[in-house]
Amino acid sequence: PILIMAQALWLQPTDLKSGGVANHMSPPIFPVRAMIRIGVDTNGCICEWNGGAESTSGYARQEVLGLDFVHDLLPEEVHDWVAVTLCQSWMGQLVPDIQLPLCTKSGERVELLLAVTLAWSDAKKAHNVVLSGGLAGGRGDDREAVADLVKEKAIFQSLSSSEASETDGTITIGLDHNGHVCDWSEGAKAVTGFDSNEALGVHFVDELLVQDCKCTVAESICYAWMGERARGVRALVRTRSGRRAHLHLSPALRWEAAKRCHGIVLTGWLDTSHSIRVDKEGCITDWGDEVCAMTGLSTNEVLGLSLVDDLVTPAICQLIGRKLEQALAGDGVRELTLPILAKNGVRQTFRAEVDPRGGAG
């Protein structure tokens, strides 16, 4: 069988200079609108203390910056479990919202309901844990803000769980803080032809991606580094054979326990939505979703048809036929221009790559 990778025009570089954000990115899942916001750095010390925290606790910002949040401001009976919760967030895990008592300057205790998230600090080039929320059982506007945080966090957990089930057991690529490959799964090896010894230490964006998609993928990775949830992106990855593998990759932040630092993990799968597969007789056996959209022809309409005789424009059907025969014979045909008659009679031109093995690579 032959797999023809027909590249549709969905690779659009983001205009970073204009400050635009690519449409593949979602806004931060947690809005900064809760009354209280407290930032905790890698040492567990307070690095952010907003007006809401000041009015609730009685402590001014200058009084608490640098204090140990758990040991200096919380009752001893909650030290252990709050510290564990902060550590879990540090390791990139989703943790439930917490209700905890805070010791105020007057010696009283106030109950807080807080969402625990990870946020990137540009100033320190590191991640902080952010506690945002309001008084437990407080005013109506406080309760609404916290309820929104809880609701949106539940949506985030649902989406993450769904994506994990989709990508389980497929391609996994780990990147360190310099953008170099530090983890290369068997799925990545199968798709690209490169084994882990060849890929480890290579800069993923600069050396393994095709120029057209570098900007989009790099931006998505940067958003993940800042602790924001980045949607999956389509990437064209170079392979050992010189062809390009179309992948769908989702970047996420994770904690590297062995190195005691955070890294990025890209998980995903081979994207065949823009592919056409034909058997040895040249009959269509698979018709990708992107090809359906561009031609107006559904999968049911084209399965079993001859790609060359029935769909390629008559003027060059013989030339395309010879190219496909050469590919089947293993003569090294890699790229061709494929003009296909759409359902409305208009010719759609694809820049296509030919893989005689019927798979990527």
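**How the terms apply to this predicted model**

Biologist: Why does Asp41 count as buried?

Modeller: Asp41 has 12% relative accessibility, and buried means under 20% relative accessible area, exposed over 50% and partly exposed in between, with a 1.4 Å probe and protein chains only; therefore Asp41 counts as buried.

Biologist: What should I keep in mind about the model itself?

Modeller: It is a predicted model, in which local features need pLDDT of at least 70 and side-chain atom pairs count only at pLDDT 80 or more, while totals for chains, interfaces and linings use all residues. Residues are numbered from 1 along each chain as its sequence is written, and side-chain values use heavy atoms, leaving out hydrogens and water.

Biologist: Where is Asp41, and which residues does Asp41 touch, not counting those up to four places away in sequence?

Modeller: Asp41 sits in the loop between β2 and β3. Leaving out residues up to four places away in sequence, Asp41 touches Cys47, Trp90, Lys124 and Asn128, where contact means heavy atoms within 4.5 Å.

Biologist: What makes the approach of Asp41 to the backbone nitrogen of Asn43 a polar contact?

Modeller: A polar atom of the Asp41 side chain lies 2.9 Å from that nitrogen. The term asks for a pair of N or O atoms within 3.5 Å; within protein, one must be able to donate a hydrogen and the other to accept it, and residues adjacent in sequence count only if both atoms are side-chain atoms.

Biologist: How do you know that β2 and β3 pair?

Modeller: DSSP must find at least two bridges between two strands, and β2 (residues 36-40) and β3 (residues 46-49) have three, in the antiparallel sense. Strands here are DSSP runs of E with at least two residues, helices are runs of H or I with at least four, and both are numbered from the N terminus. Five residues lie between the strands of this hairpin, and Gly44 has a positive phi near 85°.

Biologist: What makes β3 and β4 edge strands?

Modeller: The open sheet has five strands in the order β3-β2-β6-β5-β4, with antiparallel pairing. Both β3 and β4 (98-103) pair on one side only. Neighbouring strands of this sheet are turned by 35° against each other on average, direction ignored. Within the sheet, β5 (residues 109-121) and β6 (residues 126-135) are paired antiparallel over ten bridges, and Trp120 stands opposite His127 in β6.

Biologist: Why is Thr104 called buried?

Modeller: Thr104 has 7% relative accessibility, so Thr104 counts as buried. Thr104 lies in the loop between β4 and β5 and, not counting residues up to four places away in sequence, touches Thr56, Ser57, Tyr59 and Val110. The side chains of Thr104 and Ser106 make a polar contact at 3.1 Å.

Biologist: How do you know that helix α9 packs on a sheet, and at what angle to β9?

Modeller: A second open sheet has five strands in the order β8-β7-β11-β10-β9, with antiparallel pairing. Its edge strands are β8 (181-184) and β9 (233-238), each pairing on one side only. Helix α9 (residues 211-225) touches β7 (171-175), β9, β10 and β11, and its direction makes about 125° with that of β9. Axes are lines fitted to C-alpha atoms, for helices over the stretch in contact, and angles run from 0 to 180 degrees between N-to-C directions. Ten bridges join β10 (residues 244-256) to β11 (residues 261-270), which run antiparallel, and Arg254 stands opposite Gly263 in β11.
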